[in-house]
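I opened this entry to record what I looked up, item by item. Confidence comes before any geometry.

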Amino acid sequence: MHKPSAEIPDRPAGAPRPQAEPAAGTCIRRGVCRVLFAFDVGFSIDLEEAQRRTSTEIHRGRFTHRRRAPYYFDYQPPPLRVIHSTDAVTVGSHRTDTTVEYVLYDFGAVVINFAIPLAAPFHELLALSNQLYNHVGLAEQARLVLHTLLKPIEPAIRKPAVSDLAEDYCIYEIAEVTPAQDAAGLLEANRELIARTLRAEIGPLSSQEVEEALACRIAFSPDDLAIIDWNAALLLDSEPEDVRSVLEFANVELLELRHLDDRLDRVLNHAYETMQRRWLGFSSGSGRADLGRIARLQMDSALLFEGVNNTLKLLGDQYLARVYRLASQRFHLQDWDTSILRKLQTIESIYEKLADRHSNRRMEVLEWIIIVLIALSIALPFLPGFGST
């Protein structure tokens, strides 16, 4: 949520002076702002079938490995990337490209990627970030593009259903600035501006908030820098493709974990209501059918959880693995994982209780049948005419 800026108290004597606005002379000579919208569209996607049904420009999203890394660090399977033409969207003084990239993941997620070319004074990033925050026009265009692009590939989607949940994220990619300076120098000269841009905050930030916004940063060489926050990331890099792909995947993972958490809440409610009905004896349905429904929901959830967590193989490329860890920290992915695992265990416990209850009732019925048969075998010889020739 966007928080209103707090009033800044008078500066105590001897306290450091707040950072002034950055010099207007720093300009972005070459850059682009990527606005990502992630959606869940079904249980899974057959990427090979989707590729056969797509007529526009496509490629499989593998890492370029600018740094040395083993061959096994990659997506498994790699997502399908498709370029498609669309209408441009106006965002303040900027406009998106007339082409959009959408990315299909085999676990049922789609990312719509808008690109906004950047060639402007560096301080204008702040205005752009505020215009992009909860931009209704872009969100509506993303859903329009999504539904248009899903029509030809719908047969490749298992259990198609577009979720109401969506996860957006901005990535500012700065390849070159004038006058030329290294990444560390650009950060030092624009700390508060960058922090406010990442947080989409109009007003000033405290020194503690600035440090927090800039805390998750990483560099591979003196010429590049990645600063990752919960709302946006800034990449000072001439070749940001691999880092962008990791951030894109982390954002998709956050969406899928939110979607799965919401799904598990519904499964828990269904399982709990079933257990209550069975315990109180109000259920007229089949116990085996109830168990089957809960088991299917449990299995689908577990498969989706494993599919999301096992798609990106973070082995070998230590730099990208650290980028992913920073993104996971910002998105609190570990907390989502813990919550989901706890709910899966709770569903397993409810399932076991229902299965035990169903098994006990079946044993009780069998015991009563045996008792009745024994009683009949004892009583029949004493009945008139029984056994007479």
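Predicted model: local features only at pLDDT ≥ 70, side-chain atom pairs only at ≥ 80, totals over all residues.

**Confidence**

For the protein I noted an average pLDDT of 81, with 77% of the residues scoring at least 70. I then checked residues 1–23, where the pLDDT is below 50. Beyond near neighbours in sequence, that stretch has 24 contacts in the model.

**Helix H3**

I took the span of H3 next. The helix covers residues 136–150, which is 15 residues. From its first C-alpha to its last it reaches 21 Å, close to the 21 Å expected at 1.5 Å a residue.

Which residues of H3 are buried? I listed Leu138, Gln141, Ala142, Val145, Leu146, Leu149 and Leu150. Looking down the axis of H3, I found the buried residues within an arc of 155°, so they line one face of the helix.

**Aromatic pairs**

How many aromatic pairs does the structure hold? I recorded 6. I wrote out two of them.

Tyr105 and Phe107 are stacked, with 5.4 Å centre to centre and 25° between the planes. Both Tyr105 and Phe107 are buried. I also found that Tyr105 and Phe107 form one aromatic cluster with Phe249.

Tyr169 and Phe331 pair edge-to-face, 5.3 Å centre to centre, with 85° between the planes. I placed Tyr169 in strand E10 (residues 166–178) and Phe331 in helix H9 (residues 318–331), so this pair ties together parts that are 162 residues apart in sequence. Are the two partners buried or exposed? Tyr169 has a relative accessibility of 1% and therefore counts as buried. Phe331 is buried as well, with a relative accessible area of 4%. The cut-off I applied for buried is under 20%.

Definitions and conventions. Residues numbered from 1 in each chain as written. Heavy atoms only, no water. Helix = DSSP H or I, 4+ residues; strand = E, 2+ residues; numbered from the N terminus. Expected span 1.5 Å × (residues − 1). Buried < 20%, exposed > 50% of the residue type's maximum accessible area, 1.4 Å probe, protein only. Arc of directions from axis to C-beta. Phe/Tyr/Trp six-rings, centres within 6.5 Å; stacked < 30°, edge-to-face > 60°. pLDDT = per-residue confidence, 0-100. Contact = heavy atoms within 4.5 Å.
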